[in-house]
Amino acid sequence: RIEYADGEEIAKGAFGFRRLSTDGKYVYLNGDPIFVKGYIRGAAAHEHGNDAGLPEKDFYRKNILQAKKFGFNLVRFHSVIPDALFLEAADELGILVHMELRLPNDIYDNLSEMTSAGEVGIENDDIERIIAENYEHPSLAVYCIGNEIKGADKERIEEICHLIKRLDPSRLFTDTCAWGKNGRPYIDIDIQHMGYYFPFGRHSEMFADTDTLTVACEDKDVPISSEGENCFIRRDVSFDVPLLAHEVCHYTALRDFRVLREKFRKSQTPEPWWIGEELKMIDAKGMSEIYPRMYAASKFFQFECWKTAFEAIRRSRILGGFHFLQFADTDRYENSNGVVDCFDDENYTKSEDFLKFNGNKILLADLGNRQFYGGEQVVFPIDFSNFGNDGIKRADLVFTLAEDGGEICARGNLPNVDIGKKGIYEICKITLILPDSDGGKCLRLLLKLVADGRTCSENDWK
């Protein structure tokens, strides 16, 4: 704002500096590569109300602080322009924002929009207004036209791109989250479905290659695949902009409905209808006594699914990030997709465990299908995904392989490992002989990087 004092004109206000750029693999923030770790808000199915009854900006601040605590660095607003107070909180706390260009009160309808031949409903005047209203927020990083737009008019998309780049060249632009054909020349980042499978067994490499993009990137003029006589041919799909995995890790779990009911009552917020119905169903099925164990088992398995998928994403040599579905539970239906509940509180998963596979410096082991014979010699490639800025260049790699009860089967130490490079790279291979066993046995592999007596990265696998 402008003030006048003693005849002088004084400008006052909050501001921030940041510079966004890309190469063929990563987004760069102020010259440093980042691995985009986004989570989704906005569209009704991925949103939750201010159930704790906080002041509005505090509601946004709590969500952002919790997400950062769990390692996320970007919020994708699915088919929504974020509230100005959210952007203020994002500016102050330091998290990037991806917005999709929608008009106020324009309700997203996935089914109709995916079958509408890619109609782009936003007009130039609205785009200019949205940019003018949000330009001052340094947290705003990505303009996107919308979600899963199929077959959009190329000329209209390019017109929008040129308009945005003329008005605001400081941000990144992409046309659609998923379903864009390969090699679009006007985008700064690409976001694609990488397969709605579980990345294990036959699908263990789904984040490591482009096979699952065969449908999403299809182009009738330049087909990605074709069938011949006793053969199938697939064109190579390559990217010269960062590729993000679209809406990953949609793994649901049970909720602790009794605890939720108490939280809604304590906050004096009307509880969702489904809480009472779920509790009645649990009682009717005679599961009240065992439900705490069911809940714990469900959340444990959900965590293992997240861990498996996040690590497969971080091992990928083609991905520069992801959008996670989703960080916070919705209060609109009963399934738990979130890491935190619909009050943005931790409920089962702890941030220190989640950071082992969603922090900036991640140890990764490729364990195949994790099932082996006693006495077998195995080789585990060990990768390091490094996007940290702590200045540590070298560390000792320490590992142990132990039985569930704690007895150590193997251990080792590789000193002075180079961990100063940014990106994803292999740091070693561990070859070991598994212990003999008369029956099934669970082992735990623990890896640590230790520098100057301090653990700077740690991960483990059963």
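Select Phe324 to begin: this residue is buried, with a relative accessible area of 0%. Buried means under 20% relative accessible area, with exposed over 50% and partly exposed in between, using a 1.4 Å probe and protein chains only.

The model is predicted, so local features need pLDDT of at least 70 and side-chain atom pairs count only at pLDDT 80 or more, while totals for chains, interfaces and linings use all residues. Residues are numbered from 1 along each chain as its sequence is written, and side-chain values use heavy atoms, leaving out hydrogens and water.

Next, look for rings. The whole structure holds 29 aromatic pairs. Rings of Phe, Tyr and Trp (its six-membered ring) pair if their centres lie within 6.5 Å; planes under 30 degrees apart are stacked, over 60 edge-to-face, and the rest tilted. One of the pairs joins Phe310 and Phe324, edge-to-face, at 5.3 Å centre to centre with 75° between the planes. Phe310 is in helix H9 (residues 291–315) and Phe324 in strand E15 (residues 321–324), 14 residues apart. Helices (H or I, at least four residues) and strands (E, at least two) are DSSP runs numbered from the N terminus.

Keep Phe310 selected; this residue is buried, at 1% relative accessible area. The rings of Phe310 and Phe354 are edge-to-face, because their centres are 5.4 Å apart and their planes are at 70°. Phe354 lies in helix H10 (residues 351–358), so its pair with Phe310 of H9 ties together parts that are 44 residues apart in sequence. Phe354 is buried, with a relative accessible area of 0%.

Show H9 and H10 together. How are the two helices placed relative to each other? They pack at an angle of about 25° with axes 9 Å apart, and are therefore roughly parallel. Axes are lines fitted to C-alpha atoms, for helices over the stretch in contact, and angles run from 0 to 180 degrees between N-to-C directions. Angles under 35 degrees count as roughly parallel, over 145 as roughly antiparallel, 65 to 115 as roughly perpendicular and the rest as oblique.

On the H9 side, select Phe303, Trp306, Lys307, Phe310, Glu311 and Arg314; they meet Asp353, Phe354, Phe357 and Asn358 of H10. Contact means heavy atoms within 4.5 Å.

Stop at Phe303, which is buried at 15% relative accessibility. Beyond its neighbours within four places in sequence, Phe303 contacts Thr349, Asp353, Phe354 and Phe357.
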